[in-house]
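The following explanation leads through one protein model, from its overall layout to selected side-chain contacts. Please keep the sequence and the coordinates at hand while reading.

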Amino acid sequence: MSQLIATEYRAPDSEQSIKVEDIHLPVLKPTVNRFEPPQKVADPQPQPMPPKARTEIDPANPAIVIAPPAPEGEKLGPVLADSGPVPIFKPAPRYPRTALRQGIEGYVVVEFSIGRAGNVLNPIVVGGYDSAGNPTDVFNRAAITAVERFKYRPQQQDGKPVVRHGVRNRIRFKLAE
């Protein structure tokens, strides 16, 4: 195509044509793969027959006594269990830019209450520390923001959700390696 464009769409001279050598392929011999059937496995030993169970029942002498599960006439309803709060959604906190620039790692302990709907109430920072154990407040705001987004299945008492106070959580801030 580029040759046609270069020669303004004129046919090339017979002298300029390029000769292409003939391609000769070697003679290939067909290969035959023989399939041998698998050897027959010896028959497994027959399984021993289980002992026969007694099928006759003597009404005068019962073999099994089953006690009733509850006193007669009294029916028990569903049992309401108490349970603690269970985390449903705990998003990771955003790493503070100042800590990222300085290469600081650490953690923050946050205390809060869990409401009847499973939301976080009144989060406060108990303490923030860097990886060396020195107190720092560089992570506090990011930890509080993350904890406010937590969702829990609330604590249950007698089958009803109740507020749970004094829940503590450690929020870790670690740089990616």
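**Layout and selected contacts**

The secondary structure of the protein chain comprises three helices and seven strands, where helices (H or I, at least four residues) and strands (E, at least two) are DSSP runs numbered from the N terminus. Along the sequence, these elements follow the pattern α-β-α-β-β-α-β-β-β-β. The model is predicted: local features need pLDDT of at least 70, side-chain atom pairs count only at pLDDT 80 or more, and totals for chains, interfaces and linings use all residues. Residues are numbered from 1 along each chain as its sequence is written, and side-chain values use heavy atoms, with hydrogens and water left out.

Of the 177 residues in the protein chain, 19% are buried. Here buried means under 20% relative accessible area, exposed means over 50%, and partly exposed lies in between (1.4 Å probe, protein chains only).

The aromatic side chains come next. A pair of aromatic rings is described by the distance of the centres and the angle of the planes. Rings of Phe, Tyr and Trp (its six-membered ring) pair if their centres lie within 6.5 Å; planes under 30 degrees apart count as stacked, over 60 as edge-to-face and the rest as tilted. The structure holds seven aromatic pairs. In one of them, the ring centres of Phe 112 and Phe 150 are 6.5 Å apart and the planes stand at 80°, so this pair is edge-to-face. Tyr 95, Phe 139 and Phe 173 form one aromatic cluster.

Asn 169, placed in strand 7, counts as buried at 12% relative accessibility. The C-alpha atoms of Asn 169 and Phe 112 are 8.4 Å apart in space, although the two residues are 57 residues apart in sequence.

The structure holds one salt bridge, defined as a side-chain nitrogen of Lys or Arg within 4 Å of a carboxyl oxygen of Asp or Glu. Its partners are Glu 111 and Arg 168, whose closest N and O atoms are 2.9 Å apart. Glu 111 lies in strand 2 and Arg 168 in strand 7 (residues 164–173), so the pair ties together parts that are 57 residues apart in sequence. Glu 111 is partly exposed, with a relative accessible area of 23%, whereas Arg 168 is exposed at 55%.

Two backbone positions complete the description. Asn 122, a residue of strand 3 (residues 120–130), has a phi near 50°, a positive value in a residue other than glycine. With a relative accessible area of 62%, Asn 122 is exposed. Asp 158 has a positive phi as well, near 55°, and is placed in the loop between strand 5 (155–157) and strand 6 (160–162). Its relative accessibility of 57% makes Asp 158 count as exposed.
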